[in-house]
Amino acid sequence: MRGFKRWMKCHGIECSDALLLSAENVAAADADAAAEDSSQSLSISVKALCDLKEGDVVATIPKQSCLTVKTSAASDLIEEAELGGDLGLAVAIMFERSLGPKSKWFQYFQILPPFEPIPLLWSIPEIDSLLSGTELHKIIKEDKALVCQDWKDYIKPLLDSASLELNPEFFTVDEYLAAKSLIASRSFQIDEYHGSGMVPLADLFNHKTAAEDVHFTSVSSSSESDTDTESENENANDENSGDDEPVAPDFDSETEGFSESDLELSSTSENEPTFMEMIMIKDVNAGSEVFNTYGSLGNAALLHRYGFTEPDNPFDILNIDLDIVVQWSSSLFSRRHSRRRLSLWRKLNLSGSGSEDSEYFEISFNGEPELELLVLLYVILLPEEKIQELGLASSSTSEVKETPSFLSNKDPECRKKLLLTKSVCRALLSLADARESLYGGLNSLEEDVRLFNECCHAVDSKLYHSLMLRISERRIIEKLRSFASSGAGNFRTNSQTRTRKRAKRT
């Protein structure tokens with residue numbers, strides 16, 4: 001850590017004397033665990049040495065000290081190869097690592113783990129055994145396949161070019177995956193010119209859900225007023241950077257996390273911001289850890305992008321795929337009936353935003369299904385004569401011109417109560433069973449809880465976090481069952497308590 005502090009000073013990074021950068025070696029329970037998970041060998045935290053007050057500037061970070069495609073020694077190579085976004089940043093990281101002590105960021109790399117233990121780096125057998133049935137199983141396998149294809153399409157040609165003289169040892173598939181894991185969990189969107197990049201010091205603050213202490217606020221250089229621009233670094237790798245690489249959108253593109261935070265740009269001239277500031281957004285007592293937040297993310301998103309989970313995470317959600325609903329419908333009705341009712345539901349266009357094109361439905365932390373799912377179930381279960389009575393019979397081939405009576409109430413809470421018929425509640429119970437069956441039926445929730453309590457994080461962090469994710473999801477299924485069993489009587493005015501924006505699917 002001393003070497004890193006000297007490096008920061010040499011590169012103009014100012015860290016307040018009120019902050020303590022603490023690095024501790026994490027002793028694995030055994031040598032095999034330490035060898036397998038070298039990413040966990042050093043634990044870094046940022047603590048307050050004295051009372052910090054809201055508005056205190058605790059760090060100033062020049063943009064030139066950040067590792068980006070523009071500041072890397074590989075910038076010409078990246079530009080000539082036309083590698084954009086996170087693909088270019090991954091090449092920059094691999095190239096700088098290949099330089100060893102000659103790299104401008106050598107001391108910075110010394111405090112970083114070689115990789116972050118996100119599921120993208122797990123083996124396929126581990127993904128199949130540990131994540132089966134969870135929100136992440138299919139997504140991680142797709143991510144892994146796409147990233148490996150990226151390596152073949154974009155990185156391997158660089159190695160095959162004799163003129164570049166790259167050290168192949170630092171540009172393997174594993175090294176590319178490692179670089180991608182660092183980008184996923186640590187990169188920030190800096191500005192339009194630099195794109196996303198690695199920001200030394202800023203990435204050392206640990207996450208705590210709904211407990212952000214330090215914040216980055218973007219200040220427009222062409223305006224007198226401050227403006228917040230969410231860098232949403234769920235990695236700054238999402239839909240933001242015009243990336244050439246065909247990486248699964250949620251892994252590389254959702255910008256909602258490391259730091260829903262913003263960048264405060266200060267400048268020596270009106271048009272050229274040159275550094276960033278980290279500002280306290282609330283008081284922190286001496287001795288306490290100073291936290292950033294990766295955003296209002298459930299455990300599936302946290303494990304997907306950052307490699308960890310949190311117990312009793314209030315932002316957990318569960319998704320029920322549309323395919324599960326269609327399979328349930330087809331088990332009760334003809335395929336023609338199911339197709340017609342699904343088409344009718346899509347034409348209702350409840351939100352006016354095309355959300356009916358979604359391939360999944362969210363169940364909240366409290367077990368409450370979203371309105372769109374309730375409407376779909378209600379429409380599927382409506383008798384044909386009721387469809388005729390409501391004037392919806394011709395709507396399967398045309399737009400719905402008038403709002404059906406069961407949706408005419410403008411209060412969403414009242415609409416949900418009207419939709420929660422006995423048959424809809426029975427359907428919800430069936431969907432809960434269908435969703436539960438995806439876990440394979442090998443263990444019950446109680447068995448998963450027992451295994452989790454016996455699991456040691458230091459020995460097997462992959463099992464620990466996958467069990468946490470599965471338990472979180474299965475508890476939501478239990479709550480969904482309770483919701484459905486008690487019908488409308490179980491319905492609470494959750495609109496008053498659901499203040500967060502809906503978490504995006506990972």
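## Basis of the model

Because the model is predicted, local features need pLDDT of at least 70 and side-chain atom pairs count only at pLDDT 80 or more, while totals for chains, interfaces and linings use all residues. Residues are numbered from 1 along each chain as its sequence is written, and side-chain values use heavy atoms, with hydrogens and water left out.

## Overall make-up

The protein contains 18 helices and 11 strands, where helices (H or I, at least four residues) and strands (E, at least two) are DSSP runs numbered from the N terminus. Of its 506 residues, 52% count as buried; buried means under 20% relative accessible area, exposed over 50%, and partly exposed in between, with a 1.4 Å probe and protein chains only.

Among contacts (heavy atoms within 4.5 Å) between residues at least 6 apart in sequence, 75% join residues at least 24 apart.

## The second largest cavity

The structure holds 2 cavities of 30 Å³ or more, a cavity being a set of points, on a 1 Å grid over the protein atoms alone, where a 1.4 Å probe fits but cannot get out. The second largest cavity has a volume of about 40 Å³, taken as the space filled by probe spheres set on grid points that are joined across faces, edges and corners.

Its lining (residues with an atom within 4 Å of a point) consists of L322, V325, V326, S329, S338, L342, L376 and I380. Helix 11 (322-332), helix 12 (335-348) and helix 13 (371-381) each supply at least two of the lining residues, and helix 11 gives the most, with 4 residues. By class, the lining has 6 nonpolar, 2 polar and no charged residues, where Ala, Val, Leu, Ile, Met, Phe, Trp, Tyr, Cys and Pro count as nonpolar, Asp, Glu, Lys and Arg as charged, and the others, Gly among them, as polar.

Side chains of opposite charge can pair when their charged atoms come close. With a salt bridge defined as a side-chain nitrogen of Lys or Arg within 4 Å of a carboxyl oxygen of Asp or Glu, the count comes to 17. One of them joins E135 to R435, with the closest N and O atoms 2.8 Å apart; E135 sits in the loop between helix 6 (124-130) and helix 7 (137-160), R435 lies in helix 16 (residues 422-437), and the two are 300 residues apart. Both E135 and R435 are buried.

D433 forms a salt bridge with R481, the closest N and O atoms being 3.0 Å apart. Since D433 lies in helix 16 and R481 in helix 18 (residues 461-486), this pair ties together parts that are 48 residues apart in sequence. R481 also pairs with E436, at 3.6 Å between the closest N and O atoms, and this second pair again links helix 16 with helix 18, across 45 residues. D433 is partly exposed at 43% relative accessibility, as is R481 at 24%, whereas E436 is buried at 17%. D433, E436, D448, R470, R474 and R481 are linked in a network of salt bridges.

## Positive phi angles

E82, in the loop between helix 3 (75-80) and helix 4 (85-98), has a phi near 55°, a positive value in a residue other than glycine. E82 is exposed, with a relative accessible area of 65%. D312, which is not a glycine either, has a positive phi of about 50° and lies in the loop between helix 10 (299-306) and strand 10 (318-321); D312 is exposed, at 61% relative accessible area.

Terms used. 1 Å grid on protein atoms, 1.4 Å probe; cavity = no way out; pocket = protein on both sides within 12 Å on 5 of 7 lines; lining within 4 Å.
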